[in-house]
Each structure stands twice: as structure tokens, then as C-alpha cells.
Amino acid sequence: METTSKYWYLVGRPCGMQKKILSFLEESEQNCTLVTPNENGEYIPLAQELVDFIRSGYTPVCVLTDGPSDYYGECIWIKESPIVQVKELIGVNPSKMDNAIETYETIEDSMIGLHILVRAGYSKASLEEMTRFCREAQGITQEQENLAELAIRKSESTHGLYIVYLPHNEIATVTDRLFWQQQFPSQLIVTPQKIFYCGFDDTINDIIEFLQDDLKKDVDAISKRSLETYNLIINRDGLTTEELNLVVKQFKRLARDKFGDLM
């Protein structure tokens with residue numbers, strides 16, 4: 001891409017990548033506007049704003065935004081590697097930490113991203129600093145961080161299953177910390193809104209069957225699974241307190257059946 005001072009950057013979704021990009025744009029004295037979410041929570045630049053920039057001789061560069069990539073052909077829509085591409089536009093090479101942040105925030109399962117970064121030579125201290133930076137940029141507060149640490153101290157482990165009851169919904173505060181505790185092959189995080197499980201595909205299959213056959217739930221309506229990362233998310237709105245307890249007990253039973261007295 002050709003470097004030019006006639007770009008106008010429109011930066012959307014709050015995250016570590018956004019924070020890095022905004023800091024870099026400010027340091028290099030680039031034109032920049034924050035894109036705020038609409039009523040649907042989408043970060044879509046206003047059409048009139050794009051037109052105004054184009055008429056003023058600027059090329060709008062939309063970063064971390066939603067919307068179709070063919071919307072206003074005069075715009076540049078950055079969909080992948082946002083930090084790297086923004087720096088390329090300005091003629092600057094990305095840093096090692098830029099690449100780490102993009103890996104952590106763009107891979108669906110952050111734990112897989114952290115495994116990649118560890119194998120690439122990043123230290124535990126640098127990754128803990130990086131994940132904390134990203135969580136803060138995403139709006140996670142220090143109080144939520146403290147509550148996550150407390151929840152982990154009060155957690156329960158049984159047959160290789162690590163169970164954490166988190167009083168808020170920011171599960172990254174737990175998963176980032178548990179990444180360094182590899183002795184537990186699966187984890188279950190219960191938040192006020194959802195149940196998050198990361199572990200084994202056969203366990204996910206058994207839980208889906210339990211929800212459907214025993215609890216008579218529409219699994220497509222209350223749950224979402226990832227075949228690539230072996231994750232399952234269950235919406236708590238579809239469960240009573242009694243049913244929630246039954247689901248947790250089922251996870252425990254499946255862990256016991258899988259590992260027995262080995263863990």
C-alpha cells in the first residue's frame with residue numbers, strides 16, 4: 001500500500017489492537033476518528049462521514065469496524081492484521097508485541113493463541129503483561145480482575161475438571177490465568193450469564209445430549225459449540241437454578257468417568 005498523509009483513520013471496536021493503533025496514530029500525528037457503536041452494538045462508520053472525508057480529499061481507512069468491505073470503493077477496509085496494516089500504510093514495521101496482540105485477539109480461542117506465542121519464544125512475564133493490557137483495553141476493570149483472582153482461589157477441582165464460579169461475565173480474566181496452570185485438562189467457568197466449558201469433544205457431545213434428552217432443551221437456542229477449539233457455551237437464561245446444578249453435576253460425572261482416580 002502507498003504511504004500518504006491523506007489517509008483518515010476510522011477506528012472501531014475497543015480492544016488491545018485498538019489501543020495500540022490509537023497510540024501509534026497519535027504519536028505519528030495521523031488524522032483519526034473513533035467509531036462509536038450503533039443501537040445493535042455494531043461499529044459501522046457513518047456514510048455521510050465517509051463521504052465528507054472523501055470530498056475533502058482524504059482516503060478513509062476503516063479499522064476494527066463492521067460493515068461490508070465493498071461499501072464506498074474509495075475507502076480502505078482493513079479486515080485482518082489491523083496493527084500491521086496500519087503501520088504499513090505509514091511505512092513503519094510492526095513490533096514483536098504488535099504481532100503478539102494480534103495473535104491473542106484474533107484467534108477464537110485465546111488459549112490456543114497463547115500456546116502459539118509461547119512456542120514462538122515469548123516469556124510468561126511479557127504475555128501476562130500483554131493479556132492484562134488487552135483486557136484493560138476491552139473495558140475489564142481492576143475490580144473484575146480482583147474478583148477473578150478470588151474466584152480462582154475459591155475454585156473446585158475434580159478428576160481433571162477445574163470449576164470456577166465467576167461473579168461477572170469476563171471469562172478472559174480466568175482463562176488467561178488458568179493458561180499457566182496446565183495440570184487441569186478441562187475447565188468449567190460459571191458466570192451470571194453463561195456456562196463456559198473448554199475440554200473434550202466427547203464431553204461436549206454428552207452434555208448436549210443431556211440438555212436435549214434429560215432437560216428437554218432446545219440446544220441450538222441455548223448453546224453454542226466450537227468444533228475447532230473444543231469449547232461449549234450454554235446460556236444460563238435457558239436454565240433454572242436447579243437445572244444449572246444438574247448440568248454442573250453432569251460435567252463432574254463425565255470427568256470422573258473419563259479419568260477416574262487418575263486425577
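Is D201 buried, exposed or partly exposed? Select D201 and have a look: this residue is partly exposed, with a relative accessible area of 29% (buried means under 20%, exposed over 50%, partly exposed in between, using a 1.4 Å probe and protein chains only).

Before moving on, remember that this is a predicted model, where local features need pLDDT of at least 70, side-chain atom pairs count only at pLDDT 80 or more, and totals for chains, interfaces and linings use all residues. Residues are numbered from 1 along each chain as its sequence is written, and side-chain values use heavy atoms, leaving out hydrogens and water.

R225 sits in strand β9 (residues 223-226) and D201 in helix α9 (residues 201-214), so the pair ties together parts 24 residues apart in sequence. Helices (H or I, at least four residues) and strands (E, at least two) are DSSP runs, numbered from the N terminus.

Next stop: K252 and E156. Their closest N and O atoms are 2.9 Å apart, another salt bridge. K252 belongs to helix α11 (residues 241-259) and E156 to strand β5 (residues 156-158), so this pair ties together parts 96 residues apart in sequence.

Then pick E145 and R132, a salt bridge with its closest N and O atoms 3.2 Å apart. E145 is in helix α7 (residues 142-153), while R132 is in helix α6 (residues 124-137). At 0% relative accessibility, E145 counts as buried.

Definitions and conventions. A salt bridge is a side-chain nitrogen of Lys or Arg within 4 Å of a carboxyl oxygen of Asp or Glu.
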